[in-house]
Amino acid sequence: MNSDRSPFISSRLKSGLYALNKLASAGLTLLLLVLISSMLPLQDQLPTATDNDLPIPLSYWVYGYAMTASILADFVLYVLPPLSRDKQISIYAAAGFLCFYALYVHDAAGTDHIASTVAGMCTVLLFYVGKKLFVRDSLITLIFALLVPLLCWGFL
């Protein structure tokens, strides 16, 4: 193999494993939210969209908003020098707070801003758990990245 291409292949492999980890974390988060929403009657307590007061689907909540906040937190952690676990958790929580607060700050009085931001912070913190839980050489990572979201969408 040509040694000039090795860093390129290595960076592609790292970015692919990063994306797989994010998808597995999203699968874990979606599974937990589907289980919680099926056990508890949370349909009237879900945050609503800003234009038409329809509840945001759980898949949009996880894959659209929480994953974006998680990627933002990963970027901040990449730019900063290595931090302790507690500081990493606080950066994830801050990213969740900023993302979900920005989503609901311009909404009408019908949305509970505090509950939405706390739910957003907890959702993004599940991505931190997934980052530590799913390792590179695990079949569980593939299952949570590919199969669990399909099963969850079948129940939604």
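**Close-up views of a predicted model**

View 1. Setting aside neighbours within four places in sequence, Ile-91 is in contact with Ala-73, Val-76, Leu-77, Leu-80 and Leu-83. Ile-91 itself is part of helix H3, which covers residues 85-104. Its relative accessibility is 17%, so Ile-91 counts as buried, the limit for that class being under 20%.

**View 2. Ile-91 and Asp-74.** The C-alpha atoms of Ile-91 and Asp-74 lie 8.8 Å apart in space. In sequence, 17 residues separate Ile-91 and Asp-74.

**View 3. A nonpolar patch on the surface.** Eight side chains are labelled here: Leu-139, Ile-140, Leu-142, Ile-143, Leu-146, Leu-147, Leu-150 and Trp-153. Together these residues have about 760 Å² of accessible area.

**View 4. Leu-139 in helix H5.** Helix H5 spans residues 139-155 and includes Leu-139. Leu-139 has a relative accessible area of 58% and is therefore exposed, since that class begins over 50%. Leu-139 is also one of the residues of the nonpolar patch.

**View 5. The whole protein, for orientation.** The protein contains five helices and zero strands, giving the order α-α-α-α-α from the N terminus on. Of its 156 residues, 33% are buried. The accessible surface of the protein is about 9,700 Å², and carbon and sulfur atoms account for 69% of that surface. When contacts between residues at least 6 apart in sequence are considered, 74% join residues at least 24 apart.

Conventions: Residues numbered from 1 in each chain as written. Predicted model: local features only at pLDDT ≥ 70, side-chain atom pairs only at ≥ 80, totals over all residues. Heavy atoms only, no water. Helix = DSSP H or I, 4+ residues; strand = E, 2+ residues; numbered from the N terminus. Buried < 20%, exposed > 50% of the residue type's maximum accessible area, 1.4 Å probe, protein only. Contact = heavy atoms within 4.5 Å. Patch = residues over 30% accessible without salt bridge, like charges linked within 9 Å, V, L, I, M, F, W, Y side chains within 5 Å. Areas by Shrake-Rupley, 256 points an atom, 1.4 Å probe, with all protein chains shown as cover. Salt bridge = Lys/Arg side-chain N within 4 Å of Asp/Glu carboxyl O.
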